[in-house]
Amino acid sequence: MATLTFLSWAVDGLLVLTLWWLAWRSLSNPSLFQACVHFIAFGLVLALIWARLNAPDIALAEAAIVAGVTGALLLAALARLEGARFDPAAAPHPAATDPN
């Protein structure tokens with residue numbers, strides 16, 4: 001096993017701190033869109049950590065599933081949720097939709 005240099009320790013420490021920060025921001029952010037973006041970034045940083053641990057198969061799966069598929073599903077669900085909110089000014093008047 002190769003010895004870790006100071007630069008390796010610094011990069012690993014920075015990745016861990018970034019991972020913790022993204023996890024905290026994705027859970028405590030009041031904006032759902034920003035929370036979804038932080039979750040996607042969390043998955044990408046976690047994929048980098050798996051790659052640094054010499055596990056490229058897990059890193060690719062993490063990047064594809066968490067950052068790709070799950071992130072896209074979360075953003076699509078958020079778009080549907082935002083579109084489902086009732087806006088009285090945008091709602092048509094009942095008399096305008098009556099065919100009779």
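1. Contact here means heavy atoms within 4.5 Å. By that criterion, and leaving aside neighbours within four places in sequence, Leu74 is in contact with Cys36 and Phe39. The model is a predicted one.

2. Overall architecture. The protein chain holds four helices and zero strands, and its pattern along the sequence reads α-α-α-α. Of its 100 residues, 22% count as buried. The chain exposes about 7,500 Å², and carbon and sulfur atoms supply 73% of that area. Among contacts with a separation of 6 or more, 49% come from residues 24 or more positions apart.

3. Helix 2. This element covers residues 32-52, which is 21 residues. From its first C-alpha to its last it reaches 30 Å, close to the 30 Å expected at 1.5 Å a residue. Its buried residues are Ala35, Cys36, His38, Ile40, Gly43, Val45, Leu46, Ala47 and Ile49. Just after helix 2, Asn54 takes a positive phi of about 60°.

4. Nonpolar core. The largest nonpolar core has six residues in all: Leu15, Leu19, Leu22, Val45, Leu46 and Ile49. Helix 1 (6-28) and helix 2 are the elements that give two or more residues to this core. Leu15 is in contact with Val45, Leu48, Ile49 and Arg52, again leaving aside neighbours within four places in sequence.

5. Glu62. This residue lies in helix 3 (residues 56-84). Glu62 is buried yet has no salt bridge. The nearest side chain of opposite charge belongs to Arg52, 16 Å away; a salt bridge would need a side-chain nitrogen of Lys or Arg within 4 Å of a carboxyl oxygen. With neighbours within four places in sequence set aside, Glu62 is in contact with Gly43, Leu46, Ala47, Trp50 and Ala67. Among these partners, Gly43, Leu46 and Ala47 are also buried residues of helix 2.

6. Leu74. Like Glu62, this residue is found in helix 3. Leu74 has a relative accessible area of 34%, so it is classed as partly exposed; the class runs between the buried limit of 20% and the exposed limit of 50%. Of its two contact partners named in the opening point, Cys36 and Phe39, Cys36 is on the list of buried residues in helix 2.

Terms used: Residues are numbered from 1 along each chain as its sequence is written. This is a predicted model: local features need pLDDT of at least 70, side-chain atom pairs count only at pLDDT 80 or more; totals for chains, interfaces and linings use all residues. Side-chain values use heavy atoms; hydrogens and water are left out. Buried means under 20% relative accessible area, exposed over 50%, partly exposed in between (1.4 Å probe, protein chains only). Lys and Arg count as positive and Asp and Glu as negative; His and the chain ends are not counted. The expected span of a helix is 1.5 Å times one less than its number of residues. Accessible areas come from the Shrake-Rupley method with a 1.4 Å probe; for residues, only the protein chains shown count as cover. A nonpolar core is a set of buried Ala, Val, Leu, Ile, Met, Phe, Trp, Tyr and Cys residues joined through side-chain atoms within 4.5 Å.
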